[in-house]
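I opened this notebook to record a few things looked up in one structure. The entries follow in the order in which I made them.

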Amino acid sequence: MSPPTPAPQRHMKATPSRSIPLWRDERAIRIILQLLFVGAVVWALAYFFGNARRGLEQLGLGFGFDFLRMEAGFGISEGIEYQPSDSYGRAFFVGIVNTLRVSIVGILCATLIGTLAGIARLSSNWLLRNLARAYVELFRNVPLLLQLLFWYGAVILKLPPVRQAVNLYDYAFLSQRGLYVARPVASEGMTAWIWIAAAGLLLSIIVYIVHRRHLRREDRPGFPSLTATGVWVAVATIGWLALPAQPIALDLPILGRFNFSGGLPLSPEFTGLLLGLSVYTGAFIAEVVRGGIQSVEKGQREAALALGLRPWQVMYMIVLPQALRVIVPPMTSQYLNLAKNSSLAVAIGYPELFNIGTTTMNQTGQTLPVFALIMACYLGFGLLTSIVMNWYNRRIRFVER
Amino acid sequence: MAQTAVQPPGSHTASPLRRALRWAHTNLFSTWYNTVLTLLCLWVIYVVLSGTLGWAIFRANWAVIPQNLRVFLAGTYPSSELWRIWAVLFSVIGMTGLSAGAFGGKSHALLLRSSIAGLVLAALPFSVANRGLILGGVALLWLTYGASRNRTALRPWIVGAWFLSIPGTMLLMWGAHSSQLLPRVETTAWGGFTLTLLLAIVGILASFPIGLLLALGRRSTLRAVSIVCTCFIEVVRGMPLVTILFMAHLMVPIFMPDVRIDKVVRAMIGLTLFTSAYMAENIRGGLQGVPQGQVEAAHALGMNASLTMLFVVLPQAIRSVIPSIVGQFISLFKDTSLVAIIGLLDLLGVARSVMANPDWLGLQAEVYLFAAFMYWLFSFSLSKSSRRLERALGVNHS
């Protein structure tokens, strides 16, 4: 957003003559107008907050953030460690972490789904193209809240009970209690493998430098970064396979008497929210990706092919770098939308920031401070995301020559 | 845009079967990986359809929809007063037709899609009289469109009519305690699709002037004004709509304890404040698109700043933001479903209350799918036609 443009006419009369009366002097008028405007805003705010304070005083409530240190007394079904005897501040922190958790996982899933669907929409395969189109048009045009309620109330809660859980090849189990997936756990081979991987990294850096110097001397085009990555992947894979003990063991969920033990349990609320957010945002991201790829002129692709580049090279070296510049800004706003939309979890009972905020509000009656906190958190998320994405945007812009 | 395969020469002379095979070859099985993709897609389609179709045909209990159709569409509005909802609907349709004619000129697509949506609605299990009314609405749309086509003189009157329609609609829906003709209908009885549409239309109309003022304020050379407007816009855009609705729901009574403001009106305030921030950014984009030369020419002709804004800049800016306002309307239309969280009975709220009815327990999937279908029908046809409108208005939006 560009800052407001400074007044072009402000300096037109650099020395107003004494004969101009005050009410015709433009500088005076401008100052008076601004004073009037600020006065009106301040008066309205003072009126509103005065009313609010009087109302709270009548209820015998103070006005401040002291309640954050009081005992919360309500339980939170999931998240980092927390007891009902902890403070409201701690409960809030749990909510923030839960919001971040579902937002970050959701952003990853939505990006994956959206990128695949966006590329599929440009496929030369008629069926794939139209399947992707059907997905986008279906999920983009139905309210997210409805989709969340549908996934949670009409799909996940209607799944079979734990004893008849849907078995997804022993790696994941889907039931009324949510999703149990296998959890990768580092085993004793991990330290050895990390050493091997570090050695591989060193080797790949050396390869990168040598290869680049070689290319410079010969004045030939090439991809030292690709060669180096290949070296590292090769070393890491060989190390992985050669080690006697697997570095990562899968902790599989196993059905016990009443519930699963082991694995990574995802609650029905989290599963439903994640599913709804990723599928909904994925449909929007698909359109962003499609628009970005289409924004690259056809001539670029044709010229690259004419120069003898392979199709994957055309995609990787010509189309994607140019498309990314178009994609990143709208993608940022989709990510922000996803983070903001995670607040809809209040309808299905996932304990994120807003959900815990409303509970706190109901228990303490501190509507205003709680809203201020929620507001500060969301604006903070927004600021954080824009900083990260702007940094990335600048980085990919540097490629431009 | 989909890449269409180039037809090989002479294909029009080949037999239909050969042509079909050739089409399948170029579009589905051109290379080995395309064949794999096609088979994969077929498998996905099979899995999805075998899962859902069997359920939808044999196991789903669709009786819940026709039995509650009136509730889905009009909430618990009393039967004897339903004509008031029809009157509101017809006036909205009439004004839409008039606006499409006077502003759009070439907006056949918008009308065509809306008509198709109307016809699909008429296919729902309505009574004969209601079907007749729906078809009458479709006819009215085309009549008003034809009547106002390219009559630019009507524009200010239509804009005025839209804004007068807010108090008019509220008066008609609410009625008065003492009135025989229009007995009072409390907002607790307002609901269903009617409330969804009402919230969306009031929200977009009310947010337009506020958004316009905010956009002008943000571009103002008065620093204090532009800072306050920018803060408002950015804070509202950084917040989720639920929090703003909750704020309107809980804080308006705290901020203004002397006046009792109805729940539906509070939801309207929240939706309007939210939308106006986005609207301001759309309008600001339109304002920035007006060439500086236009302003300079107006100054050269001796027009002052406000006359220039009113008669030179704004008409051009607003024309270019019409498509994005339609887009804003679509997303607002979907966002109104959030009022269900604060306990209003819009389409989604009504759907949830039907599910809670002991007669229809356990029918979440059927009810949600019906509600989703209603939202989808309107939002899809609007978004399709808004893309056409964009092209018809010649707005460069790529």
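**Entry 1: a helix pair in chain A**

I looked up helix H2 (residues 88-120) of chain A and helix H10 (residues 353-364) of chain A, which pack at an angle of about 155° with their axes 7 Å apart. H2(A) is therefore roughly antiparallel to H10(A), the term for angles over 145 degrees. Axes are lines fitted to C-alpha atoms, for helices over the stretch in contact, and angles run from 0 to 180 degrees between N-to-C directions. Helices are DSSP runs (H or I, at least four residues), numbered from the N terminus.

I noted that this is a predicted model, in which local features need pLDDT of at least 70, side-chain atom pairs count only at pLDDT 80 or more, and totals for chains, interfaces and linings use all residues. Residues are numbered from 1 along each chain as its sequence is written, and chains are lettered from A and ligands numbered from 1 in the order in which they are written.

**Entry 2: chain B against chain A**

I found 50 residues of chain B in contact with 46 residues of chain A (C-beta atoms, placed from the backbone, within 7 Å). H16(B) gives the most to that side of chain B, with ten residues.

**Entry 3: helix H15 of chain B**

Is this helix buried or exposed? Seven of the ten residues of H15 (residues 347-356) of chain B are buried, so the helix is largely enclosed by the rest of the structure. Buried requires 20 or more other C-beta atoms within 10 Å of a residue's own. I listed the buried residues of H15(B), among them Leu347(B), Val350(B) and Met355(B).

Methods: Helix = DSSP H or I, 4+ residues; strand = E, 2+ residues; numbered from the N terminus. Parallel < 35°, antiparallel > 145°, perpendicular 65-115°, else oblique. Contact = placed C-beta atoms within 7 Å. Buried ≥ 20, exposed ≤ 12 C-beta atoms within 10 Å, placed from the backbone.
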